[in-house]
Structures are given as C-alpha cells and as structure tokens.
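Morning, everyone. Let's go through the salt bridges and then one surface patch. Structure up, please.

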Amino acid sequence: VYKRQPTTFAVESLFSQNNRPGESGKFEWMVMQNEQASNAYRVMISTGSKGTLDVIRTRSGRDSYVESVEVPGLNDGGEHAISWRQTANGDIEIYLDGASVLKTNDKAFRYGFKYLGLVNHTGDFSVSGVEVLGGS
C-alpha cells in the first residue's frame, strides 16, 4: 500500500491468530522506504508455545533486531489491538491491547517511509483494520 509516512507515525491494527494452542505463526507490519523493502522497519508477532514481538530494522537489505520481548497469550483466538508509535527522534513504542510492551530507540533512518506492508509468514491470522497516522 502506498502512503507517504514521515519518520513520525503510528500504525494501529486489530488482529487475531486462529491456530490451535501451541501452533506457531508469524505476522508482520512494516513501513518501507521502497517497494523492495530494502530499507524498512518491521514489527513481527510470533505465536506458539512462546510468543514474541520483535522490532527489526532492514537497512540496505540486511536485517538487525532492534528489540525483542515475550508476549504470551496471542494465540487465544481473540482479537488483539496493536499500536506502533515512532517519533522523529527515534523513539519506538509498541502497545498490545492498550498496554505498553516495548520501548526502545533507533535512529537508522533520517527520511520518512513511502509504503506500508503486511506479511503473513505462517499461521492463520485475521486483520480487521489498519490505520496509519503521520506527523512531522
């Protein structure tokens, strides 16, 4: 999806993961500077016996983990809300179901993002809404 996003933005989404308990799945939201996603930030949810949320930076096609946290209970079949907020000074904060689960800082990109991507790597995920908010 093409939508110019500055370095300050918020991505809000509702999702559910419908695998059987213990089955794993991976889903990600990403903001990209180009269609190839060679320069991007990604927020990846991994579910299964141990759920995780990762913030990944892709720069010149190389991935680096910025931060990772455990987030249990995401494959309960219920709907969950994710909110990814990022500021121009590099502050990144992720909320799940209204609770802050990750705070970090990364200043890898000076320029904004042009594209939003959603990728289902494995598992049965449903996304019922995505909203992108941008600032300056």
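E70 is exposed, because its relative accessible area is 57%, and the cut-off for exposed is over 50%. Keep in mind that this is a predicted model. What does E70 pair with? Its side chain meets that of K50 in a salt bridge, at 3.9 Å from N to O.

Next pair. R57 and D106 also form a salt bridge, with N to O at 2.7 Å. R57 lies in strand β5 and D106 in the loop between β9 and β10, so this bridge ties together parts that are 49 residues apart in sequence. Buried or exposed? Both R57 and D106 are buried.

Now D63 and R42. Their closest N and O atoms are 3.0 Å apart, in another salt bridge. D63 belongs to strand β6, R42 to strand β4, and 21 residues separate them. D63 is partly exposed, at 47% relative accessibility. R42 is buried: its relative accessible area is 13%, and buried means under 20%. Shared partners join E28, R42 and D63 into one salt-bridge network.

How many salt bridges are there by this rule? The count is six.

Last, the surface. L118, V127 and V130 make up a nonpolar patch there. Together they have about 200 Å² of accessible area. V127 sits in strand β11, residues 125-134. V127 counts as partly exposed because its relative accessibility is 34%.

Key:
Residues numbered from 1 in each chain as written. Predicted model: local features only at pLDDT ≥ 70, side-chain atom pairs only at ≥ 80, totals over all residues. Heavy atoms only, no water. Patch = residues over 30% accessible without salt bridge, like charges linked within 9 Å, V, L, I, M, F, W, Y side chains within 5 Å. Areas by Shrake-Rupley, 256 points an atom, 1.4 Å probe, with all protein chains shown as cover. Salt bridge = Lys/Arg side-chain N within 4 Å of Asp/Glu carboxyl O. Helix = DSSP H or I, 4+ residues; strand = E, 2+ residues; numbered from the N terminus. Buried < 20%, exposed > 50% of the residue type's maximum accessible area, 1.4 Å probe, protein only.
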